[in-house]
Amino acid sequence: MEMETDNTGNMGEKADVDMAENMEMAENPFEPYIESLRQQLEDQDPVFLIGVIVSLAVVVITFVFLKYFLTSKTVRSAVLLVGLCDSGKTLLFSRLLSGKFKRTQTSITDSSAPYKAKNDRGSTWTLIDLPGHDSLRPQYLEKFKSAARAIVFVVDSAIFQKEVRDVAEFLYVLLTDTVISRNSPSLLVACNKQDITMAKSAKLIQQQLEKEMNTLRVTRSAALSSQDGSVGGSVYLGKKGKDFEFSQLPMKVEFLECSARGNKGEEGDADIESLEKSLAKL
């Protein structure tokens with residue numbers, strides 16, 4: 001009778017142990033796998049483990065970077081036509097789109113239309129004509145600058161000598177803008193109205209603008225520094241310690257000659273082939 005009691009007691013204890021083990025496994029079913037993995041890691045060479053950790057870190061960082069880059073990247077597909085009043089922007093806008101002459105008046109709002117570039121890729125950009133009046137320029141520039149793939153800055157070559165200061169100031173505002181400097185859209189300076197006898201050449205316009213903007217850079221930087229002891233939030237134009245040249249800018253800059261009106265007047269074709277070739281390269 002005593003042996004039977006002992007056996008019964010042992011079986012009861014074993015059942016309790018088995019039940020406890022089963023409950024522990026139920027609470028943590030991955031315990032055997034974790035323990036096995038831990039044992040395998042302990043048996044590995046530390047150098048190998050460091051290599052694995054570094055590789056995983058590189059994969060994770062690369063994934064995060066690509067996700068941020070792809071989601072934050074903005075497709076810039078606009079070509080902005082900017083310039084002073086009466087520089088010929090709106091007629092140039094019409095010529096690029098239809099090839100036809102159109103009588104224009106000073107714009108007080110923007111105009112936009114799809115423009116198909118003359119290249120084999122069939123590129124299509126949104127051509128946007130912005131108002132040239134100095135009271136309207138800031139708000140429209142702010143509205144469209146982030147989408148700019150290229151900026152066509154239209155200059156009246158016939159009266160450039162009178163407007164050189166105003167042209168330089170507008171260009172200075174454009175090129176020191178933080179968004180434009182960061183995105184670096186192509187800058188095409190279209191020296192328009194070359195059909196007029198007194199029109200200045202693209203080379204002369206570039207040289208005079210560089211001199212004028214060099215002076216502007218000095219005076220504006222000094223004015224901002226005297227106000228609060230800093231140069232302010234705008235981008236420094238060109239390279240410090242050197243006279244300003246357009247070649248110092250982060251974007252591609254091209255000066256070209258054109259005539260939206262053309263040599264034969266309203267009935268003839270425009271002379272805008274050089275501009276069209278540059279737009280085809282965007």
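Guide: In this predicted model, K143 has a relative accessible area of 56% and is exposed, because that value is over 50%. The partner of K143 in a salt bridge is D110, with 3.9 Å between the closest N and O atoms. K143 belongs to helix α5 (residues 137–144), whereas D110 sits in the loop between α4 (89–98) and β2 (111–116); the pair therefore ties together parts that are 33 residues apart in sequence.

A second salt bridge joins D177 and K145, at 2.8 Å from N to O. D177 is found in the loop between α6 (160–175) and α7 (178–183), and K145 in the loop between α5 and β4 (148–156), so this pair links parts that are 32 residues apart in sequence. D177 counts as buried, because its relative accessibility of 15% is under 20%. K145 is likewise buried, at 7% relative accessibility.

Within helix α6, R165 and E169 are four residues apart, about one turn of the helix. Their side chains form a salt bridge in which the closest N and O atoms are 3.3 Å apart. R165 is partly exposed, at 37% relative accessibility, and E169 is also partly exposed, with a relative accessible area of 25%. Elsewhere, salt bridges with shared partners connect E142, K145 and D177 into one network.

The pairs described here, K143 with D110, D177 with K145 and R165 with E169, are among the eight salt bridges that the structure holds.

Terms used
Residues numbered from 1 in each chain as written. Predicted model: local features only at pLDDT ≥ 70, side-chain atom pairs only at ≥ 80, totals over all residues. Heavy atoms only, no water. Salt bridge = Lys/Arg side-chain N within 4 Å of Asp/Glu carboxyl O. Helix = DSSP H or I, 4+ residues; strand = E, 2+ residues; numbered from the N terminus. Buried < 20%, exposed > 50% of the residue type's maximum accessible area, 1.4 Å probe, protein only.
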